[in-house]
Amino acid sequence: MQLTRNATRKSKRRPFYLIAAPMLWCLSSSAAHALDAVSLFVNQCLEYNDNFSADFSDATTLERQTLGLQNLNDRVQYYRQFQLSSDDQEWLLQCQLAVATTTTKLLHAPELTTLIEQLATSSQPQQRALAARYRYFQQQQFNDADKIRLTTAQTAIKQRLSSSSFQLDFGSCALGSPADEAQPFDQSIARYLMAQPDEDCRYKVWSAFQTRAVDTVKADLATLTDIRDELAQAQGFHNYAELQFQHTLIGNANNTKAFLQAMQQSVVVTPWNIGQQLRTAAKTPFAQLSQAAYLQQLTAALATLGVRLETINHEWLRLWHQQRLLGDVMLTSGKPMALLLRRSVVGHQTGISYLSLPADFSRPAQVKRANNAMAEMLATMAASGRYSLLNEFAAESDTQYLAQDWLAHYLDQQLAVNYAANSREALFQQYQQQFERINALAALKFYTEDRSINLSHEFAASFGRDWPQAALLPFTFPGIADAGPLYFSHLLQQQLSSELMQHTQNCDAALLFNRIVVNEQQQDVAQLLQQIWPEGMAGFIAQLADEPSANTDNADSHQAVCPLTAK
């Protein structure tokens, strides 16, 4: 059974499991060598799960056992980034099924409940935090039959919405010669919208594409919602959304709606016209940057946080925070991305990650993606939990990636990488944020049945034009099946991390890194918010609603002194 936080992030987030099996370390700069090890790796996984017997005598003993399992899970996710044969995919699936069985047995063990009760009254903050994490996962457990139905429905929704196959009566809208009959749409929707000069045709095709799987997705979502609501109602909650909001910083659906409405900006370009606008918009000027120059700038930026990036050789880097070794990094050339191979856990193991960077940076977007990759890797390695669950899962579902987002903003600022006003990149970023805002409102409306959310109005407010089929939005994107009512979470974390940057300009960077990323005392984010906004989340949302633009600095809101040290 797969244990996940439901607040997933668009495009880049891997699923998280509570535990997995021991790790086979056959690290090589050649991906082919790594892939050759899949079958041997999975055999070890299956053997370990067969022989796994948890010792609940104390938290440290249990951590030693489950950490070996967690290491394997990280390695499974690493392998999945490569093009695998069907046999290798099947092997990895077998490992995941074995992990699911082990996880279920662990969480249902009466001895774990006893240990949780002991940890909840501990004088150590990390042990109390660990108890809360275990309780959360116990609360999220489905029975075996419902797990299968849930996974089947989620998979079906993803498959239906990932396919671009649908019939369309193009007529005069066909590119090239007009078509008299309905034809399969077998090209990229983005490419069609860029190539089609007629706006009415762009609107027709975009609308058909958006609604291509509505009927079948409706049925799958109904199944998924029934299963989740049954779980919530068995625990005394009205519905699944109410259960999920119990574990969030934002607190409830009303705050979420207020936040999403406060984020509204008028892009005044419709989804079916955005491609045409981007074609004519100017790019942000950028001077080419070599990988070596980027690493030099990155090293200087990290030094202000108390982090040292050490070059071992042309393939390996090493990360330190003060006197603590965080881990080693395999460096290669390619698209900017980071992959975790082994997470860092204080007192148990250091981390190992894979970092890909372009040989030469030719666009600011590449630098931003590289900063995001570095932030993802460093936030994972620098977390100070002595238990892997503390480093893998945040106390609140909607703050899972807040430390990483703050760190990415900080690196962007230090490396002076920004999009020029009215540039192609800035326009797309604003458009993408608004489209995600609409999707988040659609998910919220679907799961809470809040009739006050008017999707047609919200769509027109952001894009300057009405879309008569806006009520169908909940059935047009796969994230509604995975993240559910918490689909908004990535927007909250992006916005909150940006506001934190603005309000802590007078704070020592190393202090911020220790508080937001390292967080040895396991202080929750609500405490941090109250130091800046005394009214907490309500104050943050109110300020956001008052700002003329979610991306515009408000000088009056910046603290004259660091709010984290002010008395």
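Predicted model: local features only at pLDDT ≥ 70, side-chain atom pairs only at ≥ 80, totals over all residues.
**The chain as a whole**

The chain has 567 residues, and 56% of them are buried. Its secondary structure consists of 24 helices and 9 strands. Among contacts with a separation of 6 or more, 74% join residues 24 or more positions apart. The chain exposes about 24500 Å². Carbon and sulfur atoms supply 48% of that area.

**Helix α22**

Helix α22 spans residues 509-518. Of its 10 residues, 8 are buried, so the helix is largely enclosed by the rest of the structure. The buried set consists of A509, A510, L512, F513, R515, I516, V517 and V518. What do these buried residues pack against? Two strands contribute: β4 (307-311) and β5 (316-321). Three helices contribute as well: α15 (364-382), α17 (402-414) and α23 (525-532).

Both ends of α22 have features to look at. At its start, a side-chain oxygen of D508 comes to within 3.2 Å of the backbone nitrogen of A510. After the helix comes N519, which has a positive phi, near 50°.

**Q210 in helix α9**

Q210 belongs to helix α9, which covers residues 199-210. Is this residue buried or exposed? Its relative accessibility is 10%, so Q210 counts as buried, the cut-off being under 20%. Leaving aside residues up to four places away in sequence, Q210 touches F435, W467 and T476.

**Salt bridges**

Side chains of opposite charge can pair when their charged atoms come close. The model has 11 salt bridges. Three of them are set out below.

| Pair | N to O distance | Location |
|---|---|---|
| D74 and R343 | 3.1 Å | α3 and the loop between β7 and β8 |
| R149 and D146 | 3.1 Å | both in α7 |
| D482 and K158 | 3.2 Å | α20 and α7 |

Take D74 and R343, whose side chains meet in a salt bridge. D74 sits in helix α3 (residues 59-79), and R343 sits in the loop between β7 (337-342) and β8 (351-357), so the pair ties together parts that are 269 residues apart in sequence. Both partners are buried. D74 has a relative accessibility of 4%. R343 has a relative accessible area of 3%.

How do the partners stand in accessibility? R149 is partly exposed, with a relative accessible area of 38%. D146 is buried, with a relative accessible area of 11%.

Helix α7 also supplies K158, which forms a salt bridge with D482. This pair links distant parts of the chain, 324 residues apart. D482 lies in helix α20, residues 479-482. Here both partners are partly exposed. D482 has a relative accessibility of 21%. K158 has a relative accessibility of 40%.

**In brief**

Helix α22 is largely enclosed, with 8 of its 10 residues buried. Q210 is buried in its place in the chain. The D74 and R343 bridge ties together parts 269 residues apart, and the D482 and K158 bridge links parts 324 residues apart.

How values were computed: Residues numbered from 1 in each chain as written. Heavy atoms only, no water. Buried < 20%, exposed > 50% of the residue type's maximum accessible area, 1.4 Å probe, protein only. Helix = DSSP H or I, 4+ residues; strand = E, 2+ residues; numbered from the N terminus. Contact = heavy atoms within 4.5 Å. Polar contact = N/O pair within 3.5 Å; in protein donor to acceptor, adjacent residues only side chain to side chain. Areas by Shrake-Rupley, 256 points an atom, 1.4 Å probe, with all protein chains shown as cover. Salt bridge = Lys/Arg side-chain N within 4 Å of Asp/Glu carboxyl O.
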